[in-house]
Amino acid sequence: MQTSDEKREERTRALARRADAFAVHGPTAGERLAAHGLDFLSPTEGAIVSGFAAIRDEIDPALLLARLQGEGYQLALPVMQGKGKALLFRAWAPGDEMGKVQWGIAEPLPDKPQLEPDIVLVPLLAFDEAGYRLGYGGGFYDRSLEQLRAVKPVIAVGIAYDELKVDAVPHLHYDQPLDWVLTPSGPLRCSGT
Ligand SMILES: Nc1nc2c(c(=O)[nH]1)N(C=O)[C@@H](CNc1ccc(C(=O)N[C@@H](CCC(=O)O)C(=O)O)cc1)CN2
Ligand SMILES: Nc1ncnc2c1ncn2[C@@H]1O[C@H](COP(=O)(O)OP(=O)(O)OP(=O)(O)O)[C@@H](O)[C@H]1O
């Protein structure tokens, strides 16, 4: 079977698993994430961190982002540039006015400065120990991490429920591995990088 077919099937299973995890953990998952912070990364003083505005049953990093802002991190959120294009990242702080774009995803307004994050928090549907992840299939984060990593070292941290860990996520040459995954139980260092 082609890896793209495997990915599609894995995506269907992963969406069901994430819906279950969301139903079980609800908002406490975001509180537990925030309790860990990014203390497992060092040194990160003044680093630019891209978060994401959670949709549907994604684990919500809002409390984690609020904590990071309090610790002096500069926050940013991704902005879609269109299908097949890398994301760009704009400065954002909790409480900022937001624009809504496709799929109900809130984005910073276009007058906010564009930033190049040092740390990218990455939403996902499934992940494995090596750091491979499954997303919605747009390739947005693969393209964006490839672009950022060509310029400077970037740490990619998947944000996920513990239950989304699988033995192996099928991957292809363009898949950009995660360095860490942060779950409500704590940080996991990925082995594949
Ligand atoms: N909160 C959040 N923000 C994010 C992402 C994400 O996964 N979560 N992304 C991560 O890449 C990017 C957006 N990517 C997305 C890609 C597809 C769909 C989506 O819902 N697709 C439809 C089908 C689309 C179609 O073909 O018409 C679907 O799955 O039902 C959502 C987000 C950037 N921002
Ligand atoms: N660096 C890249 N250059 C060109 N095409 C790419 C690149 N990265 C990904 N793609 C394309 O994007 C498509 C989706 O990739 P993939 O299934 O890995 O997305 P995903 O990681 O699940 O989604 P997302 O990152 O948006 O959450 C693939 O069909 C692939 O052709």
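Analyst: Before anything else, a word on names: helices (H or I, at least four residues) and strands (E, at least two) are DSSP runs, and they are numbered from the N terminus. Please also keep in mind that this is a predicted model.

User: Is arginine 56 buried or exposed?
Analyst: A residue is called buried under 20% relative accessible area and exposed over 50%. Arginine 56 has a relative accessibility of 55%, so the residue counts as exposed.

User: What is the accessibility class of tryptophan 103, and where does tryptophan 103 lie?
Analyst: Tryptophan 103 is found in the loop between strand E4 (98-100) and strand E5 (106-108), and this residue, although not a glycine, has a positive phi of about 60°. Because its relative accessibility is 48%, tryptophan 103 counts as partly exposed.

User: How many helices and strands are there in the protein?
Analyst: The count rests on runs of at least four residues for helices and at least two for strands. On that basis the protein has four helices and 11 strands.

User: Why can the radius of gyration of the protein be said to agree with a compact globule?
Analyst: For 193 residues, a compact globule would have a radius of gyration near 16 Å, and the value for the protein agrees with this. The C-alpha trace spans about 45 × 35 × 35 Å along its principal axes. The radius of gyration of the protein itself is 16 Å.

User: Which residues have the most contacts inside the largest nonpolar core?
Analyst: In soluble globular proteins, nonpolar side chains tend to be buried together. In this protein, buried residues make up 50% of the 193 residues, and the largest nonpolar core has 47 residues. Those with the most contacts inside that core are Leu38, Ile119, Leu121, Val157 and Ile159.

User: Which residues is isoleucine 159 in contact with, leaving aside its neighbours within four places in sequence?
Analyst: Contact here requires heavy atoms within 4.5 Å. With neighbours within four places in sequence left aside, the partners of isoleucine 159 are Leu33, Phe52, Ile59, Leu64, Leu121, Val122, Pro123, Leu124 and Leu182.

User: Is phenylalanine 140 buried or exposed?
Analyst: Phenylalanine 140 is placed in helix H4, which covers residues 140-149. Leaving aside neighbours within four places in sequence, this phenylalanine is in contact with Met80, Gly82, Lys85, Leu87 and Trp103. Because its relative accessible area is 15%, and the cut-off is under 20%, phenylalanine 140 is buried.

User: What covers the buried residues of H4?
Analyst: The residues in question are Phe140, Tyr141, Asp142, Ser144, Leu145 and Leu148, which are buried in H4. Their cover includes strand E2 (74-79), strand E3 (88-91), strand E6 (119-123), strand E8 (133-134) and strand E9 (155-159).

User: How far apart in space are glutamine 81 and phenylalanine 140, C-alpha to C-alpha?
Analyst: Glutamine 81 is placed in the loop between E2 and E3, and with a relative accessible area of 41% this glutamine is partly exposed. Its contacts, leaving aside neighbours within four places in sequence, are with Ala86 and Leu88. Although glutamine 81 and phenylalanine 140 are 59 residues apart in sequence, their C-alpha separation in space is 9.5 Å.

User: Which residues does glycine 99 touch, not counting residues up to four places away in sequence?
Analyst: Glycine 99 is placed in strand E4. When residues up to four places away in sequence are not counted, glycine 99 touches Ile105, Ala106, Glu107 and Leu109.

Conventions: Residues are numbered from 1 along each chain as its sequence is written. Chains are lettered from A and ligands numbered from 1 in the order in which they are written. This is a predicted model: local features need pLDDT of at least 70, side-chain atom pairs count only at pLDDT 80 or more; totals for chains, interfaces and linings use all residues. Side-chain values use heavy atoms; hydrogens and water are left out. The radius of gyration is taken over C-alpha atoms; the globule rule is 2.2 Å times the number of residues to the power 0.38. Buried means under 20% relative accessible area, exposed over 50%, partly exposed in between (1.4 Å probe, protein chains only). A nonpolar core is a set of buried Ala, Val, Leu, Ile, Met, Phe, Trp, Tyr and Cys residues joined through side-chain atoms within 4.5 Å.
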